[in-house]
Amino acid sequence: MSHPNNLYPSLDGLKLPQGQALTPSTTGAHTPALLDTPGSEKSLGTAAAGIHRVKNQPGYITPTFKGKNAQKARVFELISAKGFIPQELVKNEVSWFYEHLGIDDTYFENESVEVITDHVLALFGAKVLAYTKHDPEQFTLELERITKPGDDTGRQEGAFFIHTSPPGVSSTQGPGATCERRIDSLFLDQSTPESAFRLETYRSVGAVSAKSSQQLRCYFVSRCSFVSPPEGAGKEWYLAEDGETDIRKVSDKSFLEKASENTLDIYQRVLRTAETRYGPVIEMYEVESSRERRVIIGYKMGTTSHFFSALSDLYHYYHLYSVRKYVEQFSNGITIISLYLNPLPADSPSHALRLSFLNGLNQNSHAIDIPPIEVSIHQVIKEISLLYCLPGNPFFRTGLEDQGLGHAVQEATYAYSVCIFAQHFCNRLGQAYTDLRNVLDETNPDHAEVLNGIKKRFREETYTRELIEEIVKGYPEMIRLLYVNFAMAHYPSDESSTLMPTLSYQRLQSTQPLTDDELLARIRKTVNNKQHVSVLESFLVFNRHVLKTNFYQPTKVALSFRLDPGFLPEMEYPRKPFGVLFVIGRCFCQFGSGSEFRGFHIRFKDVARGGIRIVMSKGKEFDENYNLAFTQSLKNKDIPEGGSKGTILPSLGASPRLCFEKYVDAIIDLLIPGHSPGIKNPIVDLYGKSEILFFGPDEGTADLMDWAALHARDRGATWWKSFTTGKSAAKLGGVPHDVYGMTSLGVRQYVLGIIKHMGVREKDLTKVQTGGPDGDLGSNEILLSSDKTIAIIDGSGVLADPAGINREELVRLAKLRIPVGNFDVKKLSKDGYLVKVEDQDVKLPSGEVVADGTDFRNSAHLRFKADLFVPCGGRPESVNLSNVAALVDHDGKPHFKYVVEGANLFFSQQARLALEKRKIVLYKDSSANKGGVTCSSLDVLAGLSLDDKEFFELMTFPSGTPTEFYASYVKDIQAILAANASAEFSCIHKEHMRLRGAKPRTVISDELSVKITTLQDDLENSDLFGDISCRKSVLSRAIPPTLLKKIGLETIMKRLPEQYQRALFSSWVASHYIYKYGVQASNVDFYHFLRDLSIA
């Protein structure tokens, strides 16, 4: 029977596949490899099906150093001449070093006589020092040499490290404490296909002396010299006869000299699988007639960091030690790590130390034992992918040096993940802020500014990352209980029935799980500090709201959690999202260490679409994400997809692209069923419904949409064609917004509406524009307009001319998609100027001196006056309560008469209202900037409606000339988005006129969006969709004519998922009804609307 407090429960009753009883003394048990490669042979030797097994032979063959004896003689002579070692002991010391330590011949062949002499002397000196301490086990030795490029030694770039090393222990101080981490930082993490380093490391066979059991650990790092292809060879040269990569043509030459044929065969298979898999390939091999297990891990270079050193901590935690380890690099960008793992010998000091430590932590009278390698190896394999995701986890310890305060990898990864969650959601405003808000008037700009300042301070200063980590480290037992609470809900149930339970499953069974209420009571009873209580309670909040996660997937590249958004306080997030996704991972940093990234995805409807953005506002990314998604939901009022947005925050120096790729892959883990045992298993889904997400391009991700769609296809997602919008047109049938001016067409409807209803001529309008000719919206605004533009502000600087900027030159820049910094200043009037961001101390025609071009650019949108202001780019809330007053002159006259907010969130809501109080005609972003989302929605519809064959025939055009179907479909999109924008403008204008200006257009726009989206929700849940004739009538109007004519309504209805059909049906009915009858429409109006549909 197992006991609740045991670190390792009893293993009685567990069975091996052959029915053998599992005991600590079991040897040679044929347990299956946890991860098999689908479609490949399951074994390479004589093993039974399902078992990887290799013969008990070296995987590497070290060439014999023929000059070893002659070198040994020269070392003897040199040591004798130095006189440091008594003459009668020299022969014995040299012989022990050469013959009894078991140091590989690689060392002797690569080192000079002088270096080896120094090492023998160092070894003797260490023995003498240990003797003076009267304890042979106090023997310590630490030798190293690092050769950098340009060293005058003549040696090849690389390094060696030799130090004493007790087996099965990760040292935190003394010899070897930082060795592997330094190897990671200096060599392995820096490796690329162009400049890579390989590593061989092994433990000496013999002890350092007859009286000490200490062994030496040797590391040899060398620069790779890859096999060179013949001159003029193409990519096909690297392929074998079967059309896949030939390992012998992408390997390091020294690896090919040393690797056995069996090793080459194993590595070949792992290498090929790693090429096609996004994430690690992990395989385990039993060694015949031995308890040794060899673990092989393959992955793409640069996709993780500090991984090699983290692996040592992992297998040490499970009381294993390595005899040999290899890290091989390949010129196709693959890294393969090989670990030769063994159980700690029962008579070793490390084994005794482990037992003493474990039983010291044990809280009952039943002694516990170290689990056998036959069990623990599977736990090592299972947790490798967690280390791959988060190798630098501060909560993971090996158990000996941290006095029991560390955690197993799964517990540590859980703690790390929830710490980040707590960092975002512990910093809430609380009752004190609510009370203050109730006293102050948020419509008063001064009061609102005070509230915003307090809100910012509360969120940023209350709970820092460092404080949360310290609190978590202070309650290890509580974290274990919280982890068990999480795991009991999400640990895959089939784990317990697969041949034998893993150690993590056994730990769950041996720890008494507590209910949420019991955990909450335990926290409040045992923790006295209120801050500490809040942090620990956030762990419980996290547990309660996780609906599914890839945490227990055998292979993954980042962690992802699907959260029920019920934990969000209504006061701060007044509209509850439909779903929240939370992603955490790490990737290589250019500064030489691993960098964390985190990401969120928020959507306001089941069927939703929005861009994925790279952000740099650390600590604010969730709020920025929420605001962007909420704005998107208002903007998406007349399309089936609700609003969503994703944000990714990379750490400084991390690759944004790699962060994006891991973010996407981790989310796909939650969207598709797992059908590859040992690679992608089914997950526990507490949500219980299928979900589809639609991603679009945004800041920093515009060129990554093709990759995401193709990756979804490679992962087996049937909806891959519609997974992303913004794909390349010719290759993947995307409809580019910039090429066809989709976003600008929507904005233009508002400008044209103003011109029509205000009785002005466009050529007489002066205009200021942010976002230059290098951007999508900015370039098309230039190309479509005919106004008198007096200023354009973009990333390169500020271009201004009160006489009107030369239109011909602006058009040239817009067609080339280059910024205003490239404007020909000779075409400016005498009062015009161009100030670039890099300029300093520039004198303007007015005599004003600009000290710094960047500072001038950042505030330039507040200095100009014109009839019309069209923001086409800029940071969120560039105009807010703190600076909106700058848009009004000393006489109280606004700088602009009309504003069409083309850029998302350019104005804060309070700033919009403040400007409208000044009688500015302002149309906000969620109304004006919706042409792009309409285009993207119809892009999604095409992907869902066409099968793969039709899609490639009709929507792609490798020749460069769009197909007739594609060209016609684009025209349909342009007509639909223009009609929608014009209809919304008219609806807002009519309502404003009806109320005689009593209600701001900003408020009317929001009310219109809420009215439409609320009606959409009601219609989706009504039985109206069940009326087939009504459904067909609506869908035949909602689907573009080109698609309808080509595929047919019946076929399209069969292909569209039901939840998407419902969304398409309800969005079309709701938007067209409200646009026609207005926000005050009645039930009778709706009856007339439906009647007209049935008659038409």
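**Close-up 1. Asp-105 and its contact with Phe-65.** The side chain of Asp-105 comes to 3.0 Å from the backbone nitrogen of Phe-65, a polar contact (a pair of N or O atoms within 3.5 Å; within protein, one must be able to donate a hydrogen and the other to accept it, and residues adjacent in sequence count only if both atoms are side-chain atoms). This is a predicted model, in which local features need pLDDT of at least 70, side-chain atom pairs count only at pLDDT 80 or more, and totals for chains, interfaces and linings use all residues. Residues are numbered from 1 along each chain as its sequence is written, and side-chain values use heavy atoms, with hydrogens and water left out. You will find Asp-105 in helix α3 (residues 105-110); helices (H or I, at least four residues) and strands (E, at least two) are DSSP runs, numbered from the N terminus. Leaving aside residues up to four places away in sequence, Asp-105 touches Thr-62, Pro-63, Thr-64, Phe-65 and Lys-68, where contact means heavy atoms within 4.5 Å. Asp-105 is buried, at 13% relative accessibility (buried means under 20% relative accessible area, exposed over 50%, partly exposed in between, with a 1.4 Å probe and protein chains only).

**Close-up 2. Helices α11 and α18 where they meet.** Here the axes of α11 (residues 409-425) and α18 (residues 530-545) come within 9 Å and cross at roughly 100 degrees. Axes are lines fitted to C-alpha atoms, for helices over the stretch in contact, and angles run from 0 to 180 degrees between N-to-C directions. The two helices are therefore roughly perpendicular to each other (angles under 35 degrees count as roughly parallel, over 145 as roughly antiparallel, 65 to 115 as roughly perpendicular and the rest as oblique). Look in α11 for residues including Tyr-414, Val-418 and Phe-421, which meet a group in α18 that includes Phe-539, Val-541 and Phe-542.

**Close-up 3. A salt bridge between Glu-93 and Lys-127.** The closest N and O atoms of this pair are 2.8 Å apart; a salt bridge is a side-chain nitrogen of Lys or Arg within 4 Å of a carboxyl oxygen of Asp or Glu. Glu-93 sits in helix α2 (residues 87-100) and Lys-127 in helix α4 (residues 113-132), 34 residues apart. Glu-93 is buried, with a relative accessible area of 7%, and Lys-127 is buried too, at 17%.

**Close-up 4. Asp-939 and Lys-727, joined by a salt bridge.** Their side chains meet at 3.9 Å, N to O. Asp-939 belongs to helix α31 (residues 931-945) and Lys-727 to the loop between α22 (720-723) and α23 (729-732), so the pair ties together parts that are 212 residues apart in sequence. Asp-939 is buried, with a relative accessible area of 2%, and Lys-727 is buried at 2% relative accessibility.

Close-up 5. For His-319, phi is near 65 degrees, a positive value in a residue other than glycine. His-319 lies in the loop between α8 (307-317) and β8 (320-329), and is buried at 3% relative accessibility. Lys-919 has phi near 70 degrees, again positive in a residue other than glycine. Its place is the loop between α29 (909-917) and β25 (921-923), where Lys-919 is exposed, with a relative accessible area of 71%.
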